[in-house]
Amino acid sequence: MPTNSFSYYLKMNSIPDIYDHLFSFESKRKKLSHYPVHKKLSNGDQFDDPLINLMFEKIKFRDNEKILDAGCGTGDTLFQIVEKHSIQGIGISLSSKEIEFAEKLANANKLANLRFKVYDFQQPIEGSFDKILAIESLKHASNIDQVISNFHKALKKEGQIFIADDFLMHDSIKVERHKLLWNASGFMKFGELEEKLKTLNYNLRAYDLTSHVRCRSNLMIEAFKVFINILKPIASKNLKVNLETYYGALLLEQLYNENTVEYKVIIATKS
Ligand SMILES: C[S@@+](CC[C@H](N)C(=O)[O-])C[C@H]1O[C@@H](n2cnc3c(N)ncnc32)[C@H](O)[C@@H]1O
């Protein structure tokens with residue numbers, strides 16, 4: 001039995017559990033449309049998504065290109081791309097709930113050029129792609145080198161990898177706790193990722209979106225943490241998983257408030 005309130009939360013849920021439960025909770029609120037599972041970013045008062053805007057500004061999608069969304073969530077990014085470009089998209093995720101939903105939505109909208117499947121990007125990736133997107137999914141990888149190697153093999157010459165994620169600036173106990181609660185063993189420093197891609201001779205462009213990350217005040221975050229501590233012992237098994245995930249998200253917000261993490265995008269072009 002845990003001895004203090006913090007160790008009580010040090011439980012690692014599996015990645016499918018985290019995202020299946022998150023989906024069950026979020027999809028009720030968001031009704032029947034795809035939605036970003038990534039962090040809330042904003043442009044001052046504007047509610048458009050600076051990350052997706054940056055992707056469309058910096059990456060040229062062309063008709064008939066094959067795009068892999070590695071860690072696709074509800075398929076939001078691919079659904080947004082097909083609104084503008086006639087691409088062939090494949091989205092993979094470990095969450096069967098996300099994939100079932102994305103598939104249904106693609107079928108309902110007669111989007112035969114979008115396919116979704118439950119698949120682990122740490123396994124060899126079949127096919128060859130013009131672009132590979134990994135938005136807030138890479139940090140879940142237990143073996144980053146394997147994932148980069150899989151992406152590298154599946155990417156066509158002159159193809160591009162678009163990675164967006166939280167990156168670590170300094171280690172801290174909160175970082176360790178967040179990694180545990182989010183099953184995020186691949187949470188790393190941005191420089192480490194750059195090095196791995198440089199070793200494979202990629203040309204790199206990097207963008208810092210940290211100033212667009214919206215976080216609540218530490219006081220409010222602490223209040224939510226107390227609320228979760230009270231609720232968790234009486235919560236159902238399903239709700240418990242979401243509370244643990246939410247607790248991990250609150251820790252991440254605090255890490256942003258403390259300038260311990262940064263939010264960056266890297267566009268790597270294969271030479
Ligand atoms: C924070 S969500 C981001 C979803 C989506 N990219 C977006 O921006 O809306 C992380 C996603 O990565 C997926 N994921 C994590 N590890 C994975 C793995 N090894 N293979 C495939 N998908 C993975 C999760 O299932 C989830 O869909």
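User: What radius of gyration would a compact globule with 271 residues have, and what value does the protein chain have?

Analyst: This is a predicted model, and every value below is to be read as computed from it. A compact globule with 271 residues would have a radius of gyration near 18 Å, and because the protein chain has 18 Å, the two agree. The C-alpha trace spans about 55 × 40 × 40 Å along its principal axes, and buried residues make up 39% of the 271 residues.

User: Which elements make up the protein chain, and what percentage of the contacts between residues at least 6 apart in sequence join residues at least 24 apart?

Analyst: The protein chain has nine helices and seven strands. Of the contacts between residues at least 6 apart in sequence, 77% join residues at least 24 apart.

User: In what order do the seven strands of the open sheet lie, and which are the edge strands?

Analyst: Strands of a sheet pair through backbone hydrogen bonds, either parallel or antiparallel. Here the seven strands form an open sheet in the order E3-E2-E1-E4-E5-E7-E6, with mixed pairing. The edge strands, each of which pairs on one side only, are strand E3 (114–118) and strand E6 (203–208), and the twist from one strand to the next averages 15°.

User: In what sense do strands E5 and E7 pair, parallel or antiparallel?

Analyst: Strand E5 (residues 155–168) and strand E7 (residues 261–269) pair in the antiparallel sense, over nine bridges.

User: Is Leu94 buried or exposed, and where in the chain is Leu94 found?

Analyst: The idea is to count the C-beta atoms around a residue, where 20 or more others within 10 Å make it buried. Leu94 is therefore buried, since 22 other C-beta atoms lie within 10 Å, and Leu94 is found in the loop between E2 and helix H4 (96–108). Leaving aside residues up to four places away in sequence, Leu94 touches Ile15, Pro16, Tyr19, Val118 and Asp120. The C-alpha atoms of Leu94 and Lys117 are separated by 8.6 Å, although the two residues are 23 residues apart along the chain.

User: Why does Leu197 count as buried, and which residues does Leu197 touch?

Analyst: Leu197 counts as buried because 20 other C-beta atoms lie within 10 Å. The place of Leu197 is in helix H7 (residues 190–199). When residues up to four places away in sequence are not counted, Leu197 touches Ile148, Tyr202, Leu204 and Ala268.

User: Which residues of helix H6 are buried, and what covers them?

Analyst: An α-helix has 3.6 residues a turn, so residues three or four places apart point the same way. In helix H6 (residues 173–181) the buried residues are His178, Lys179 and Leu181, and what covers them includes helix H9 (237–257). H6 is followed by Asn183, whose phi is positive, near 50°.

Definitions and conventions: Residues are numbered from 1 along each chain as its sequence is written. This is a predicted model: local features need pLDDT of at least 70, side-chain atom pairs count only at pLDDT 80 or more; totals for chains, interfaces and linings use all residues. A residue is buried if 20 or more other C-beta atoms lie within 10 Å of its own, exposed if 12 or fewer, and partly exposed in between; C-beta atoms are placed from the backbone. Helices (H or I, at least four residues) and strands (E, at least two) are DSSP runs, numbered from the N terminus. Two residues are in contact if their C-beta atoms, placed from the backbone, lie within 7 Å. Two strands pair if DSSP finds at least two bridges between them. Axes are lines fitted to C-alpha atoms, for helices over the stretch in contact, and angles run from 0 to 180 degrees between N-to-C directions. The radius of gyration is taken over C-alpha atoms; the globule rule is 2.2 Å times the number of residues to the power 0.38.
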